[in-house]
Amino acid sequence: YTETVNGYGGEFKITVVLKEDKIQEINILENNETKGVGSVAFEYVVEQILEKQSTDVDGVSGATVTSNAIKTAVNNALEKSKITK
């Protein structure tokens with residue numbers, strides 16, 4: 001699933017790969033997020049979602065908008081696939 005969400009630096013795209021009711025991969029595609037801030041959220045939030053198999057994870061302080069956008073994109077993909085996490 002490819003989702004487009006609004007981050008701090010504007011829209012960005014995320015692909016979410018689901019397999020057997022599990023979140024297998026989350027890839028950040030096009031983005032204009034601030035390097036060293038938004039990019040930290042990409043790494044941390046994605047890692048936490050994959051580890052916990054849930055979007056109920058903490059965001060990154062200073063990158064709240066980006067963190068929330070990542071979780072929104074994953075939730076949208078899960079909703080489209082009818083998986084709830």
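The legends below describe close-up views of a predicted model.

**View 1. Packing of helix α1 against helix α2**. The axes of α1 (residues 38-52) and α2 (residues 64-81) are 9 Å apart and meet at an angle of about 40 degrees, which makes α1 oblique to α2. The crossing of these two helices is right-handed. On the α1 side the contact is made by Gly38, Ala41, Phe42, Val45, Val46 and Ile49, while α2 contributes Thr66, Ser67, Ile70, Lys71 and Val74. Sorted by class, the residues in the contact of α1 with α2 are 7 nonpolar, 3 polar and 1 charged.

**View 2. Glutamate 20 in the loop between β2 and β3**. The loop that holds glutamate 20 lies between β2 (10-19) and β3 (22-28), and at 70% relative accessibility glutamate 20 counts as exposed. Most residues other than glycine have a negative phi. Glutamate 20, although not a glycine, has a positive phi of about 50 degrees.

**View 3. Glutamine 53 in the loop between α1 and α2**. Glutamine 53, found in the loop between these two helices, is a residue other than glycine with a positive phi, the value being near 55 degrees.

Technical notes: Residues numbered from 1 in each chain as written. Predicted model: local features only at pLDDT ≥ 70, side-chain atom pairs only at ≥ 80, totals over all residues. Heavy atoms only, no water. Axes fitted to C-alpha atoms, helices over the stretch in contact; angles between N-to-C directions. Helix = DSSP H or I, 4+ residues; strand = E, 2+ residues; numbered from the N terminus. Parallel < 35°, antiparallel > 145°, perpendicular 65-115°, else oblique. Left-handed = near helix turned anticlockwise from the far one by under 90°. Contact = heavy atoms within 4.5 Å. Nonpolar A, V, L, I, M, F, W, Y, C, P; charged D, E, K, R; others polar. Buried < 20%, exposed > 50% of the residue type's maximum accessible area, 1.4 Å probe, protein only.
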